[in-house]
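Please write a short report on the structure shown below.

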Amino acid sequence: MTLLALETSCDETSAAVVRDGKILSNIVSSQIELHAEYGGVVPELAAREHLKNLTPVAQSALRDAGIAADELEAVAATQGPGLAIALIVGFKAAQSLAFALGKPFIGINHHEAHLYSPWISSPSSLGEKPAALIADFKNFQPNLSLIVSGGHTLLVLVESELKHRVLGGTIDDAAGECFDKTGKLMGLAYPAGPVIDRLAAEGNPRAYVFPRPLLYDANDDFSFSGLKTSVRYFIRDHPELLDDPQKIRDLCASVQAAIVEVLVVKTIRAAKRNGVRCVTTSGGVTCNRALRNELERACQKNGFTLRLAEKNLCTDNAGMIGILAERKLLAHAAPTPFDEEIKPGWALE
Ligand code: KG4
Ligand code: ZN
């Protein structure tokens with residue numbers, strides 16, 4: 001099956017062509033620089049940018065894949081969750097294209113698609129082979145998946161293909177949001193996650209002690225707003241730290257250590273409790289080197305196989321949307337009606 005997938009749930013405009021489990025093209029146009037001066041994603045600007053970029057991005061995806069629009073057998077798009085004003089751009093464009101081509105359309109849950117990213121192999125360094133869904137991914141079910149981004153922090157038990165159960169999520173800020181907001185308090189550029197990652201590499205993670213919220217709670221929920229508030233008060237009481245580059249690095253390493261410890265400990269605990277032998281993770285924060293290293297270490301110690309999404313597939317992209325769309329259509333999922341609307345608050349169950 002050959003299909004085109006569109007993703008516009010937040011600040012990345014993306015289009016991908018997927019055929020038989022392979023991502024033939026995956027174009028991502030990021031709006032990070034546009035939103036940086038506002039210190040966060042501005043929904044209205046995101047929507048305008050999607051409107052401007054979607055057609056050229058989709059054309060590039062078709063061109064890179066060597067596919068003409070009339071060769072498409074289906075069209076997919078992210079239906080939710082996400083920013084309503086942003087989602088609607090890709091969703092309605094995909095619906096209209098499918099309608100015009102007379103092909104099925106399917107709306108995809110963004111988080112369900114993230115569950116597939118760790119199972120997509122990266123293309124070879126020479127770019128000869130397209131990224132593809134790993135053939136034996138079903139052998140690793142059930143698995144425990146951590147989805148960790150700027151908008152979400154979720155622990156999901158993947159029982160079998162297309163069957164999963166959310167075990168817990170954040171009750172306030174997401175982990176990525178915590179990186180971004182604490183970084184802002186330190187005067188770092190948006191998004192601060194990658195900056196903290198870089199500075200923390202030369203800092204002392206034990207220099208300052210910050211709370212590890214809900215670490216010892218029996219449930220699988222997360223909370224990061226208390227950690228952010230604690231960093232705010234700490235900086236208010238010690239403003240001189242921000243004049244010393246080494247102390248900023250130590251601060252970054254200490255904040256990162258708190259976030260990473262909570263994510264790793266709670267993920268491993270949930271994996272043990274649910275008797276899985278495999279842990280996976282995706283979402284922008286999965287790019288964080290300390291998180292990758294600590295998860296690697298903890299999984300090795302506890303005998304879990306770990307699948308980390310490749311860095312270029314951690315963040316939002318239409319390739320993962322297309323991979324899931326094809327799996328669903330092959331499993332005879334009903335196409336989404338042409339008059340159906342976006343679902344901005346569509347929680348994974
Ligand atoms: O998945 P994503 O691209 O978009 C959504 O939020 O859906 O994730 C973006 C988030 C931002 O909060 C960003 O700061 C964080 O991922 N991030 C990182 C790193 N790279 C991206 N956080 C920590 N370390 C990184 N290396
Ligand atoms: Zn995402």
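Is His-110 buried or exposed? The model is predicted, and in it His-110 is buried, with a relative accessible area of 5%. The cut-off explains the label, because buried means under 20% relative accessible area.

**The zinc site**

His-110 lies in helix H4, which covers residues 110-114. The zinc ion (ligand 2) has three protein donors: His-110 (NE2), His-114 (NE2) and Asp-316 (OD). They lie 2.1 Å from the ion. Along the chain, the donors of the zinc ion (ligand 2) follow the spacing H-x3-H-x201-D. His-110 and His-114 are separated by about one helical turn, because they are four residues apart in helix H4. His-114 is buried too, with a relative accessible area of 1%.

| Side chain | Partner side chain | Polar contact |
|---|---|---|
| His-110 | Glu-7 | 3.0 Å |
| His-110 | Ser-9 | 3.5 Å |

Which residues does His-110 touch, not counting those up to four places away in sequence? They are Glu-7, Ser-9, Thr-78, Gly-80, Pro-81, Asp-316, Met-320 and Ile-321.

**A loop residue**

Gly-151 sits in the loop between strand E7 (143-148) and strand E8 (153-160). Gly-151 counts as partly exposed, at 45% relative accessibility. Arg-273 is 122 residues from Gly-151 along the chain, and their C-alpha atoms are separated by 26 Å.

**The sheet and its helices**

Strands E7 and E8 also belong to an open sheet of five strands. The order is E9-E8-E7-E10-E11, and the pairing is mixed. Which strands stand at the edges? They are strand E9 (163-169) and strand E11 (305-308). Each has a single partner strand, so one side of each is left without a neighbour in the sheet. From one strand to the next, the twist averages 20 degrees.

In general, strands of a sheet pair through backbone hydrogen bonds, either parallel or antiparallel. Strand E10 (residues 278-282) and E11 pair in the parallel sense, over four bridges. Thr-280 has Arg-307 as its bridge partner in E11.

Two helices meet this sheet. Helix H8 (residues 245-273) lies across E7, E8, E9 and E10, and runs at about 155 degrees to E7. Helix H9 (residues 289-302) packs on the sheet and touches E7, E10 and E11. The direction of helix H9 makes about 165 degrees with that of E11.

Definitions and conventions: Residues numbered from 1 in each chain as written. Chains lettered and ligands numbered in written order. Predicted model: local features only at pLDDT ≥ 70, side-chain atom pairs only at ≥ 80, totals over all residues. Heavy atoms only, no water. Buried < 20%, exposed > 50% of the residue type's maximum accessible area, 1.4 Å probe, protein only. Polar contact = N/O pair within 3.5 Å; in protein donor to acceptor, adjacent residues only side chain to side chain. Contact = heavy atoms within 4.5 Å. Donors = N, O, S within 2.8 Å, 3.2 Å for Na, K, Ca; no water. Pairing = 2+ DSSP bridges. Axes fitted to C-alpha atoms, helices over the stretch in contact; angles between N-to-C directions.
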